[in-house]
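Dear colleague,

Please find below the structure that I am handing over to you, followed by an account of what was found in it. I would be grateful if you would read the two side by side.

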Amino acid sequence: MAVFPTSFDFSDVPPDVIAAARVLAAGDVVAFPTETVYGLGADATSPEAVAKIYAAKGRPQFNPLISHVFSLEAAEREGIFTPAARRLGAAFWPGPLTLILPRARGGTVCDLACAGLATVGLRVPSHPIALELLRAFGRPVAAPSANRSGRISPTQAADVVADLGATVPILDGGPCAVGVESTIVACLEDSVRLLRPGGLSVEEIEAVLGHPLDQTPAAGIQAPGMLASHYAPNAVLRLNASELRAGELGLDFGGALANASLDLSPQGDLQEAAANLYRFLRALDARGAATIAVAALPETGLGAAINDRLRRAAAPRG
Ligand code: TXA
Ligand code: MG
């Protein structure tokens with residue numbers, strides 16, 4: 001297999017990461033940690049490999065996937081960077097930012113990973129194990145969150161097992177530090193548009209851009225992750241709760257909700273709340289809650305991403 005460059009020095013790569021890179025090189029899927037959520041990865045250059053992701057997730061259709069790369073330099077081979085895109089990549093990669101860019105001529109990400117679109121989603125994750133894997137594999141890795149379609153994203157290895165079973169090999173990198181998916185920004189021609197709020201706040205992005213992000217919904221840009229009920233626990237969610245009703249379990253923020261089972265962050269820290277969000281929703285689900293009452297969270301910083309996920313989780317299911 002020509003995947004591993006002969007000059008590559010494996011001496012400092014952990015054996016389980018090498019094993020995972022070999023799984024990818026064989027055209028199979030592997031679950032791996034990122035700083036946002038666990039991803040279900042496959043060789044982004046191989047449509048046969050990418051098809052296995054959709055099969056494992058039970059995805060109803062072929063949604064475009066994020067291709068993970070080792071560096072900004074590797075990303076520049078796959079996407080056409082506008083000056084704004086380059087500024088964002090330089091400022092926030094590795095990190096929880098995905099850029100949607102026109103596909104570069106000579107790019108290696110396959111059509112299936114891009115769902116046939118003229119654009120490609122690219123991200124350099126910051127989790128050290130993800131970076132090791134990308135470095136060892138040497139090609140882009142397509143990866144959606146490692147959950148079954150329509151379920152909450154996994155933020156620890158045990159969540160992946162719970163959703164996908166023990167058949168998918170998993171690199172265990174502990175709990176995800178960010179806990180919500182990456183922020184998705186489309187940089188096309190001269191527009192810079194927010195497609196999905198996430199682990200990098202809009203405020204931070206705007207500070208680097210020096211101007212506001214376009215947040216109007218993009219006509220014609222398909223981002224199925226934006227489906228209303230995408231991030232769904234089994235329980236019904238009641239948002240902005242100020243008290244617990246009979247039969248409800250409470251998910252608090254900042255100690256506002258009396259008798260809540262869990263508090264996303266007793267100190268009211270949004271970063272801590274994001275990191276705990278999916279794990280706590282899964283925990284309350286596992287306790288058989290019919291309804292989870294969730295305290296209000298501020299809309300600023302990471303609160304925008306947390307509230308976005310909570311609203312989707314609360315939306316009626318199709
Ligand atoms: O944090 C994350 O972003 C995680 C980790 C694993 O990197 N990944 C993740 O992937 O959340 P997924 O598949 O659950 O969500 C990817 C989102 C989808 O909403 C998809 O539609 C959008 O990215 N996307 C990917 N490529 C796109 C493109 N070319 N145009 C528009 N949207 C795109
Ligand atoms: Mg997902």
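Helices (H or I, at least four residues) and strands (E, at least two) are DSSP runs, numbered from the N terminus. This is a predicted model, in which local features need pLDDT of at least 70 and side-chain atom pairs count only at pLDDT 80 or more, while totals for chains, interfaces and linings use all residues. Residues are numbered from 1 along each chain as its sequence is written, chains are lettered from A and ligands numbered from 1 in the order in which they are written, and side-chain values use heavy atoms, with hydrogens and water left out.

Backbone features

Ala 115 sits in the loop between S4 and strand S5 (119-123). Its phi is positive, at about 55°, although Ala 115 is not a glycine. With a relative accessible area of 27%, Ala 115 is partly exposed; the classes are buried under 20%, exposed over 50% and partly exposed in between (1.4 Å probe, protein chains only).

Asn 259, also a residue other than glycine, has a positive phi near 65°. Asn 259 belongs to the loop between strand S10 (248-252) and strand S11 (262-263), and its relative accessible area of 72% makes Asn 259 exposed.

The peptide bond between Trp 93 and Pro 94 is cis, with omega about -10°. Pro 94 is placed in the loop between helix H4 (83-92) and strand S4 (97-102). For context, most residues other than glycine have a negative phi, and most peptide bonds are trans.

Cysteines

The search of the whole structure found zero disulfides, a disulfide being a pair of cysteine sulfur atoms within 2.5 Å. For Cys 110, the nearest cysteine sulfur is that of Cys 114, 7.0 Å away. Cys 114 is likewise in no disulfide. Cys 110 counts as buried at 8% relative accessibility, and Cys 114 is buried at 2%.

Helix packing

Helix H8 (residues 270-286) packs against helix H9 (residues 303-314) at an angle of about 25°, and their axes are 9 Å apart. Axes are lines fitted to C-alpha atoms, for helices over the stretch in contact, and angles run from 0 to 180 degrees between N-to-C directions. H8 is therefore roughly parallel to H9; angles under 35 degrees count as roughly parallel, over 145 as roughly antiparallel, 65 to 115 as roughly perpendicular and the rest as oblique. The contact (heavy atoms within 4.5 Å) involves Leu 270, Ala 273, Ala 274, Leu 277 and Tyr 278 of H8, together with Gly 303, Ile 306, Arg 309 and Leu 310 of H9.

H4 and helix H7 (residues 202-209) pack at an angle of about 120°, with axes 10 Å apart, and are therefore oblique to each other. On the H4 side the contact is made by Ala 84, Arg 87, Leu 88, Ala 91 and Phe 92, and on the H7 side by Glu 204, Ile 205, Val 208 and Leu 209.

A buried glutamate

Glu 35 lies in the loop between strand S1 (30-32) and strand S2 (39-43) and, at 5% relative accessibility, counts as buried. Glu 35 and Glu 181 are 146 residues apart in sequence, yet 8.8 Å apart in space, C-alpha to C-alpha.

Yours sincerely
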